[in-house]
Amino acid sequence: MDEPVTQGNEGREAAVASLADRLPTPLRPLARIAYNYRWSWLPGGHDLFARLDVDRWRRVDRNPVRALIEATPAALAEAAADTAYVAEVDRIAAALAADLARAPAEVDGVGPSAPIAYVCAEFGIHPSLPIYSGGLGVLAGDICKEASDLALPFVGVGLFYRRGYFHQRVNLAGWQQEYWTEVDPDLLPAAPVLADDGSPLEIHVPLWDRQVTVRAWRVDVGRVPLFLLDSDVAGNDPADRWITARLYDANRDVRLAQYTVLGLGSVRILRAMGIEPGLVHLNEGHGALSVLELATDGTDGADAAGLDLDAAVAASRDRVVFTTHTPVAAGNETYEPWRIVTVLEQLPGRFGSDPRALLSLGRVDPEEHESEAGMTPLALRAARHVNAVSRRHGEVARGMWAPLFGTDAADTPIGHVTNGVHLPTWMAPSIRALLDRHLGEDWTRRADDRATWEPVLDIPDAELWEARRAARHRLIDYVKDRIATDRLARGEDIAYAQRAVRALDPDALTLGFARRVASYKRLYLLRHDVERALKLLDGPSPAQLLFAGKAHPADDGAKGILKSMFDLRGASHVADRIVFLEDYGMTSGSMLTGGCDVWLNVPRPPLEASGTSGMKSALSGGLNLSVADGWWDEAYDGTNGWTISGAEDPDHATQDQRHANELYELLERQVVPLWAKRDADGVPVGWCRMVKASLVTVGPRFSATRMMRDYVETVYRS
Ligand SMILES: *Cc1c(COP(=O)(O)O)cnc(C)c1O
């Protein structure tokens, strides 16, 4: 079969063959479909697996390999006898093959043999591959999918966290607790990368005083292979096997070791497979050490082609671009000098440099010898092009990093490519079907063209409203399915567990808020004035609020905010219409953004670099009510949603007060009345007009299609 990057695919071919052997002959093509996440954004792909056994499909987190391995013989036999189903299997198998066989797009300096290597600490490809925590990872996943759709020569490199990111449970007191589960790689659509002799390909990464052995897994995301590095290898020191266990491990040494594996290991594993990256795209700074490896000739020897560290950075510059994602300190972590010198003990010597030279590369001011160092300054120094992720974030990042470049903020060489979201992944099915009917064939390929979206304005309101209704019903069904179990597992009483199921109304105005519970996202503004909030939900046209989000395990402040929301339980009967969904992730995220009518976002400006959940909501016909920060600062035009002032204010208490008031006022005076105003058929005509304005303005500008074209034109082309 034709595929753009064939390196490292022997393991997958063996896995596909072995899975196919377990299936009745007519169903064998399912094995190849299961080993490429392309099914997840092919029309009909999801139903193909769900149809076998819908309960099991949900239970295995929609993991197709596991669903096939664990399917009962009866279910397989029944499906194999269904000619319509078998025809659908063949149709999707053919669509996958056709997609892989397309000719690659041409981009200067890169090609299938010298692809863009996209290096990131997390990837949110699909709920069944739990190696992401939030926005950064989901964006990386969307980028891989869009790169595949655009046929770019592109490979992803990340880490294979067998225990992934934490799961969230909230106890009876409203306090978040974390737990981790371990995946079995043999049950995932991942296959080991093999050496010529058929054994797992191994590379070594110098950490502390030793060489840590690292292997890789290949995960196929359409045309884009994602190579995931794994230190859980027999023969490694048991502590070294833990390095890639958990995403953003709490231990700082482990995190530094992870980023070393990602940085040095990414280039080494690609070279070991015979891939020389044409360009390294650092998505956030975690993998920045790759620039040093890139400058070497790829051998493990002590000598690095005679380059010292500064020369190595300079030599790689032409082949490195960097995207910075956050102005918040936790996203730009720094480490104590002694820690870096210990973990990276062997690195400076390889370049004939001393540890001070290495530390200097990771500091804003290289001469400040006492201060901590991190990956972001190294990435900023090493990249020939740096971008932020929204227009406003560009301004913030230029101000933030001007000292490193020794420039005025205005002249700091940081541009921006505003984030976008992968349409086929994130649109609610009913809205996708609606737009498929109205926007013409293959419209998602033309999603960055304003003209593509114009026909939205002519969609009959009743038809649009029906699609929105279907999206909301799907969400409320999902929530009702989960809510009683969530509550009973927490130890709540049965009556309380059942109350939300009864209280939720699939035709009521549904407000949503779901994102990390970081302090700057200000979830607490929603309950700033409890009386007023409850009254709002209890007006003549009742509303309901669904919210979700994980607090960082070490952030007790954020956990306190979450707890304060739980303290509303029993505040009045209206509180039954405030529902928290545990363990926010891609599944609940896509349900919420797909079904909510209003998507709330109240970050403290200017700390929201972009935000993408609001784009997902808009593209499913939801309306944004947001502080004018991140992407919304450039999206809001007065007709397509509601906005709260994005001005900065050093007096946080006053700003909170003012923003909470603006939020309530908008909801009371604009959102609820617009929702309530119906025509004779019960259709809210003004609301539909705003939904159309939102689709037409957000659609062309905040899709991943537009984002990737920007990357190609302004960042990748040298
Ligand atoms: C889209 C998404 C995010 C990012 O949303 P923000 O608006 O940036 O907070 C985070 N987590 C999940 C699971 C998502 O799907």
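Colleague: Why is Asp-486 called buried?

Modeller: The relative accessible area of Asp-486 is 11%, and buried means under 20%, exposed over 50% and partly exposed in between, with a 1.4 Å probe and protein chains only, so Asp-486 counts as buried. The model is predicted, so local features need pLDDT of at least 70 and side-chain atom pairs pLDDT 80 or more, while totals for chains, interfaces and linings use all residues. Residues are numbered from 1 along each chain as its sequence is written, and side-chain values use heavy atoms, without hydrogens and water.

Colleague: What makes the pair of Arg-482 and Asp-486 a salt bridge?

Modeller: The N to O distance between their side chains is 3.2 Å, and a salt bridge requires a side-chain nitrogen of Lys or Arg within 4 Å of a carboxyl oxygen of Asp or Glu, so the pair qualifies. Both residues lie in helix H21 (residues 461-490), 4 residues apart, about one turn of the helix, where helices are DSSP runs of H or I with at least four residues, numbered from the N terminus. Arg-482, at 18% relative accessibility, is buried as well.

Colleague: How do you know that Asp-633 and Arg-391 tie together parts that are apart in sequence?

Modeller: Their closest N and O atoms are 3.8 Å apart, and they form a salt bridge. Asp-633 belongs to helix H27 (residues 630-635) and Arg-391 to helix H17 (residues 391-405), so the pair links parts that are 242 residues apart in sequence. Asp-633 has 29% relative accessibility and is therefore partly exposed, and Arg-391, with 38%, is partly exposed too.

Colleague: Why is Asp-649 called buried, and why is Arg-658 called partly exposed?

Modeller: Asp-649 has 17% relative accessibility, which counts as buried, whereas Arg-658 has 33% and is partly exposed. These two residues form a salt bridge, with the closest N and O atoms 3.3 Å apart.

Terms used:
Helix = DSSP H or I, 4+ residues; strand = E, 2+ residues; numbered from the N terminus.
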